[in-house]
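I would ask you to look at the sequence and the structure together as I speak.

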Amino acid sequence: MSNIRVNGLRGVELAVHDLKETADFYSNAWGLTAVSGDNGVLYMRAAGKEHHVLAIHERPRAGFLAANFAAADRASVDGLHAKAKAMGCEIVSAPMDLPAIAGGGYGFSVKTPEGQMLNISSDVATHGDGDFRDHSRPQKLSHVVFNVADLDSQERFFTEVLGFRLTDSTARMNFIRCSSYHHSVALARAQGPSLNHMAYEVSNFDGLMRGAGRMKKHGYKIGWGVGRHGPGNNLFSYFIEPNGFVTEYTAEVDTIDEATHVVGTPDYWGKMMNGPDRYGLADPSPELREAMTGKFIDERNKRCEEIIAQKLAS
Ligand SMILES: [Fe+2]
């Protein structure tokens, strides 16, 4: 593979109505740790070396803001920017030095054809003090899944502009990789652009179960799982967090041998699996299915806008 490509997923950026409530959830129930923050933004780290895996921004409208990806070095960032520009992509900001509070580094921002923002950076500060003793705490952001209206054009953007490769394809979604990790992104056939879910990797089955137990203690039921997916062979448990986003603990994600990997087709996976859980036990709850469409975020935004309009009118 050329060096002019994305080579990892760093994190996700979300807009939320209540920064404190969201920060409490991600610290106490989910298992992340605040690392820096300023002016209504909080950066939270996992146990791994990445500066932050989640940035939460307090905004009047909640929603997905961006996914943050890594490139090898400044030349790769410049090369990806030049390629995106030459291929007619919407550039949000040209390569520049990034704020120290977010770990610094060098990067640019580009939108997918359906308008999802991606930040691509190199040379971001890392932590040297990862604490992996508590298996229930996330180590890294594993993957993000986008709902997309036109899967083919979205996939072409990720593969032709950013250097991703297709790992597996099912009737419902395509799993694409930017490293040996089975998938850092999946694209789900849906109505239009939204965040289907984000997944955080814990170190093993024990960590996944302990994380789910901690969530239960904080009042959050498992919305789907515990189970094991087909493509990626990863363990999963899904939850709806306080803003309505879907968040997943995952473990044991497959790694890919570039020399021998054969892309799994919808036909192959249709014959291999009766559903998305290898064990045949776990079905998503109706609420979780709805949350994966972004419905709860939209409803909450609408309620907030109505309350604000009523206040302004009175
Ligand atoms: Fe997932």
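Let us begin with the metal site. An iron ion is coordinated by three residues, namely H143 and H197, each through NE2, and E248 through OE, at 2.1 to 2.2 Å. Please bear in mind throughout that this is a predicted model. Along the sequence, the donor residues of the iron ion follow the spacing H-x53-H-x50-E. H143 belongs to strand β9, residues 140–148, and E248 to strand β16, residues 246–251, so this pair ties together parts that lie 105 residues apart in sequence.

I turn now to the overall arrangement. How is the protein chain divided? The domain assignment gives domain 1, covering 6–122, and domain 2, covering 140–297. The centres of domain 1 and domain 2, taken over C-alpha atoms, are 20 Å apart. To the contact between them, domain 1 contributes 41 residues and domain 2 contributes 41 residues.

What area is buried between domain 1 and domain 2? The value is about 3,100 Å², and carbon and sulfur atoms account for 70% of that area. On the side of domain 1, the residues that lose the most area to domain 2 are L9, W30 and E114, which together make up 24% of what that side buries.

Next, the interactions across this interface. The rule finds 0 salt bridges between domain 1 and domain 2. By contrast, 12 residue pairs are found in polar contact across the interface.

Salt bridges do occur in the model, where the count comes to 13. K111 sits in strand β7 and E90 in strand β6, residues 90–97, so the pair ties together parts that are 21 residues apart in sequence.

Finally, two details of the backbone. As background, most residues other than glycine have a negative phi, and most peptide bonds are trans. Where does the model depart from this? The peptide bond from G225 to V226 is cis, with omega near 0°, and V226 lies in strand β14, residues 224–228. N39, a residue other than glycine, has a positive phi, near 45°. You will find N39 in the loop between β2 (33–38) and β3 (41–45).

Thank you for your attention.

Key
Residues numbered from 1 in each chain as written. Predicted model: local features only at pLDDT ≥ 70, side-chain atom pairs only at ≥ 80, totals over all residues. Heavy atoms only, no water. Domains from an automatic or database assignment. Contact = heavy atoms within 4.5 Å. Buried area = accessible area lost by both parts, 1.4 Å probe. Salt bridge = Lys/Arg side-chain N within 4 Å of Asp/Glu carboxyl O. Polar contact = N/O pair within 3.5 Å; in protein donor to acceptor, adjacent residues only side chain to side chain. Donors = N, O, S within 2.8 Å, 3.2 Å for Na, K, Ca; no water. Helix = DSSP H or I, 4+ residues; strand = E, 2+ residues; numbered from the N terminus.
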